Amino acid sequence: MSDERLRDFSSDFVLSSGTVSIDIPNSVILVLYYRHQKEFLLPKGRKNVGETLEAAAIRETMEESGYQCQLLEHNLPTQAPRLKPGSWTTEPIAVHQRVTNGLRKIIFWYLAQVDSSRPRVLNTQEEGEDFDVHWIRSDVAAAKMTYEEDREVVDRALAAVAQRALYFDAFLL
């Protein structure tokens, strides 16, 4: 087994983060439709200098959708140290990397909860962003995504939510 080692200097990569934002009681997922490219996407974007990845995920979700989300704890396996088995965390549920024109984009994905019944805050998108907000039923949301890696992240998020439901249902019995 060989180790793969990568090295990028700060001018060659960008850190981004986003969310799979789920309204659990209504079983819907917040999905963006990017009109310019005709793509269904999850909210995500670049981390600002000095900003945490978690804060960037929450901010980008709000900016692109007009909905405030909160990170949702899960108990998916993680390689993060000091997490006891069975513990709950808001660690990322996935990381994607893509390279375009020599620039590596590293995207950290977080599980989040959101209330789809709350009024949407308008005019939160930055210049050049042209997203429509859709609430897609959780059972068909993954299939709606344009990119396979987004479908996989949605499936992982739904697995985490299902584990939460099993845990809390058992706890309440």
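Trainee: What is R35 in contact with, leaving aside its neighbours within four places in sequence?
Mentor: D130, F131 and D132. Keep in mind that this is a predicted model.

Trainee: Where is R35 found?
Mentor: In the loop between β2 and β3.

Trainee: Is R35 buried, partly exposed or exposed?
Mentor: Partly exposed, because its relative accessibility is 38%. Buried would need under 20%, and exposed would need over 50%.

Trainee: How far apart in space are R35 and L158?
Mentor: They are 26 Å apart, C-alpha to C-alpha.

Trainee: OK, Q68 next. Where does Q68 sit?
Mentor: Q68 is in the loop between α1 and β5. Leaving out neighbours within four places in sequence, Q68 is in contact with I58, M62 and V114.

Trainee: What separates the C-alpha atoms of Q68 and R120?
Mentor: 8.7 Å, with the two residues 52 apart along the chain.

Trainee: And S10 and Q68, what separates their C-alpha atoms?
Mentor: 30 Å. Along the chain, S10 and Q68 are 58 residues apart.

Trainee: Where is S10, then?
Mentor: In the segment before β1. S10 is exposed, with a relative accessible area of 64%.

Trainee: New topic: aromatics. How many aromatic pairs does the structure hold?
Mentor: Three. One of them is Y33 with F40, a tilted pair. The centres are 4.7 Å apart and the planes are at 50 degrees.

Trainee: Why quote two values for a pair?
Mentor: A pair of aromatic rings is described by the distance of the centres and the angle of the planes.

Trainee: Is F40 buried or exposed?
Mentor: Buried, because its relative accessibility is 17%.

Trainee: Why is the pair of Y67 and W135 edge-to-face?
Mentor: Because the planes of Y67 and W135 are at 85 degrees, and over 60 counts as edge-to-face. The ring centres are 5.0 Å apart.

Trainee: Which parts does that pair tie together?
Mentor: Y67 lies in the loop between α1 and β5, and W135 lies in strand β8 (residues 131-137). So the pair ties together parts that are 68 residues apart in sequence.

Trainee: Are those two residues buried or exposed?
Mentor: Y67 is buried, at 9% relative accessibility. W135 is partly exposed, at 24%.

Trainee: Let's do cores. How many residues are in the largest nonpolar core?
Mentor: 23. I93 and L111 have the most contacts inside it.

Trainee: Which element gives the most to this core?
Mentor: α3, with five residues. The elements that give two or more are β1, β2, β7, α2 and α3.

Trainee: What does I93 touch?
Mentor: Not counting residues up to four places away in sequence, I93 touches H74, L76, W109, L111, V153, R156 and A157.

Trainee: What about a second core?
Mentor: There is a separate one of nine residues. Y67, C69, A112 and V114 are among them.

Trainee: Why do nonpolar residues group like that?
Mentor: In soluble globular proteins, nonpolar side chains tend to be buried together.

Trainee: Which elements give two or more residues to the lining?
Mentor: β1, β3, β4, α1, β6 and β7.

Trainee: Last topic: backbone angles. What is the phi of S27?
Mentor: Near 55 degrees, a positive value, and S27 is not a glycine. Most residues other than glycine have a negative phi.

Trainee: Where is S27?
Mentor: In the loop between β1 and β2. S27 is partly exposed, with a relative accessible area of 37%.

Trainee: And what is the phi of N101?
Mentor: About 50 degrees, also positive, although N101 is not a glycine. N101 is in the loop between β6 and β7. At 81% relative accessibility, N101 counts as exposed.

Methods
Residues are numbered from 1 along each chain as its sequence is written. This is a predicted model: local features need pLDDT of at least 70, side-chain atom pairs count only at pLDDT 80 or more; totals for chains, interfaces and linings use all residues. Side-chain values use heavy atoms; hydrogens and water are left out. Helices (H or I, at least four residues) and strands (E, at least two) are DSSP runs, numbered from the N terminus. Buried means under 20% relative accessible area, exposed over 50%, partly exposed in between (1.4 Å probe, protein chains only). Rings of Phe, Tyr and Trp (its six-membered ring) pair if their centres lie within 6.5 Å; planes under 30 degrees apart count as stacked, over 60 as edge-to-face and the rest as tilted. A nonpolar core is a set of buried Ala, Val, Leu, Ile, Met, Phe, Trp, Tyr and Cys residues joined through side-chain atoms within 4.5 Å. Contact means heavy atoms within 4.5 Å.
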